[in-house]
Amino acid sequence: MRLLVAERLTKYYGAELILEDVALTIHEGDRIGLIGANGTGKTTLCRLLLGETEADDGVVNLARGTTMGYLAQDCTFPPGQTLWQAAMDVFAEIRAMEERIAQLEEQMADPGAQDLDGLIARHEAVRMEYERAGGYEYEVRAATVLTGLGLREADFHRPLDGFSGGEKNRAALAVLLLRDPDLLLLDEPTNHLDIQGTEWLEQYLATYHGAAVVISHDRRFLNQTVRRIVELSDHRLTEYVGDYDSYVRQKDDRLLHYERTYEKQQRERQRQLEFVRWALGTGQEKLVRAAKSRLKLLDKVEWIDPPVGRRRQANLRFTPRIRGGDEIAEFQDVTVGYDAKPLVRGVDLIIRRGDRIGLVGPNGSGKTTLLKVAIGQLEPLSGRARLGRSVEVGYFAQERIELNPENIVIDDFAEVVPDASRGELRHLLARFLFVEEDVFKTVGQLSGGEMSRLALAKLIMTRPTFLVLDEPTNHLDIDSRGALETALREYSGTLLVVSHDRYFLDAVVNMVLVIEGDRAKLHDGNYSAYRAARLAAEEAKREAEAAAREEQKLARLREERLARRERRQSGTSAGPSRKQMEKRAAALEEQAGDLEARIVRVEALLAGGEVYDDPARVRALSVEHQRLHEELHRTIEEWEALAEALDE
């Protein structure tokens, strides 16, 4: 079934063309990745699909009854609203049912109640509707989504006014997922997620019932979540089947085919023009007529434009100014944190020349703090951290880019290459995609991605021996990320980089320093190698635990066989007597009744309103509810087996 059909969409902002004749069809269950360079109009297209922006031409048709949800890059909440209140607003209908159930129970408890049978019937009808709507589970579901996206349970009842921009974006994503629309439009959903949160979202989308359109520059995320890529380039959409890697292969094939077609067409055109020139040069009337005829035919041919090739990429080159020593930095039992609050403890690490280390861990785990200690910007809470001799540090900060917003780009860049001529400066800036009039913009006019490129350009020109990067791919589009990866692969110095971009980490690092809890551990290989080793270790642990359980089971069987053998040798019965079996069956019946009563009590607590102020209590009750059902199932199975044995 088609959920949405967009046809002939064209959009201008003033005289600037943004989209031209764009068409897109979204079916049930679609997983679409919308990609393109920054500023090409991806967010504008989303707003057109939502109806928030009006197209200059074209139509968007939404199937009747289809619900849509949109995650914008900037999110707002009502003043004073807490995170938990925002999540609970999604379930207003279920909470209204809770109130109705409570009212009916109060009326039923009244000794003078009239039409008690009717009250009971209405209570049962509302309770069943409440159960179908997920009334016993919505609190647990909300807490699961919030914590899955990296929001702490301790912050559930904090006003969202005090949350950071990234936390608000995660809260908005959680609320959107809880609303469960038929069609999700997600604009850079992984921007403020750590790796764990991104992987959780990948798993969530894998089982999501609806369709999703994802704007993202995270190539690994696209590979894991989408089955169709639509690229927005030159105001139009081009579709590719498959994930991001499939798109790259298909685009290469299309480009190669286009180049060959263009070259073939140009060779034929040249051949025809050579004949025309020769024929006209002969002066023979017959040949001149033939030449003019061929010129008319050539005028009617639709000549294809020259191939533009791949999108221009920044031609970055990292060459350290000096070689530096073999030991770049050393940590000896280092603990880092702020205000005497430890974040990471007991770090023992030597960073050697040529090491390429990726630092990963949850948001707020201390990655940036560890970087600042490594380069001497912060003192450790305890232990010793030092830089090696002759180490020149180049530091790219995550949140504070050292640029003057009032400078024009070329003057700001000239600060690091003061001896370069104006022409040389323009040539260097062109390597970072600042061309033509771009170099005369003020820094304050630049987008976030352009600022990052300019800051990286200035950092590169300082030619450091120790490059320390804190989330360098933030705000960069896919092409810029690819260019940065190429440059870092060619960099011959030492690299320490914090990133949540797994594709980027795989491309540039050969070791991963992982923060788990309050400890940091170094692993050989890139991020995928670390993750494969971790999954293998977890699988080995599960297999060992399963083997231990099987061994325990076999040991019990051996003990039982030995006990039966001893009973036979002593002349006693090899099994329980009928009286013992009847006694056990009676005990099981009593146990089953007790379990059923406990299940009813837990369900009554879950149906009450007061428990929902404590998410931890709700989760504990839900776990207990499931455990009691499993125990009841085992009890009934044993009772049925005994009953069958007694009948025989």
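Thr 369 is buried, with a relative accessible area of 5% (buried means under 20% relative accessible area, exposed over 50% and partly exposed in between, with a 1.4 Å probe and protein chains only). The residue belongs to helix 11, residues 367-374; helices (H or I, at least four residues) and strands (E, at least two) are DSSP runs numbered from the N terminus. Leaving aside residues up to four places away in sequence, Thr 369 touches Val 336, Gly 337, Tyr 338, Leu 343 and Leu 378, where contact means heavy atoms within 4.5 Å.

The model is predicted, with local features needing pLDDT of at least 70 and side-chain atom pairs counting only at pLDDT 80 or more, while totals for chains, interfaces and linings use all residues. Residues are numbered from 1 along each chain as its sequence is written, and side-chain values use heavy atoms, with hydrogens and water left out.

Arg 2 has His 27 of strand 2 as its bridge partner. The hairpin that these strands form has two residues between the strands, and Gly 14 takes a positive phi near 65° there. Strand 1 also pairs with strand 4 (residues 57-62), again in the antiparallel sense, over five bridges.

A helix pair comes next. Two packed helices are described by the angle between their axes and the distance between the axes. Helix 5 (residues 138-148) packs against helix 7 (residues 195-206) at an angle of about 135°, and their axes are 9 Å apart. Axes are lines fitted to C-alpha atoms, for helices over the stretch in contact, and angles run from 0 to 180 degrees between N-to-C directions. Helix 5 and helix 7 are therefore oblique to each other, since angles under 35 degrees count as roughly parallel, over 145 as roughly antiparallel, 65 to 115 as roughly perpendicular and the rest as oblique. Arg 141, Thr 144, Val 145 and Gly 148 of helix 5 meet Gly 197, Trp 200 and Tyr 204 of helix 7.

Two loop residues complete the picture. Ser 390 is not a glycine, yet has a positive phi of about 55°. This serine sits in the loop between strand 13 (382-387) and strand 14 (393-396) and counts as exposed at 51% relative accessibility. His 475, also not a glycine, has a positive phi of about 75° and is found in the loop between strand 15 (466-470) and helix 15 (478-490).

Technical notes. Pairing = 2+ DSSP bridges.
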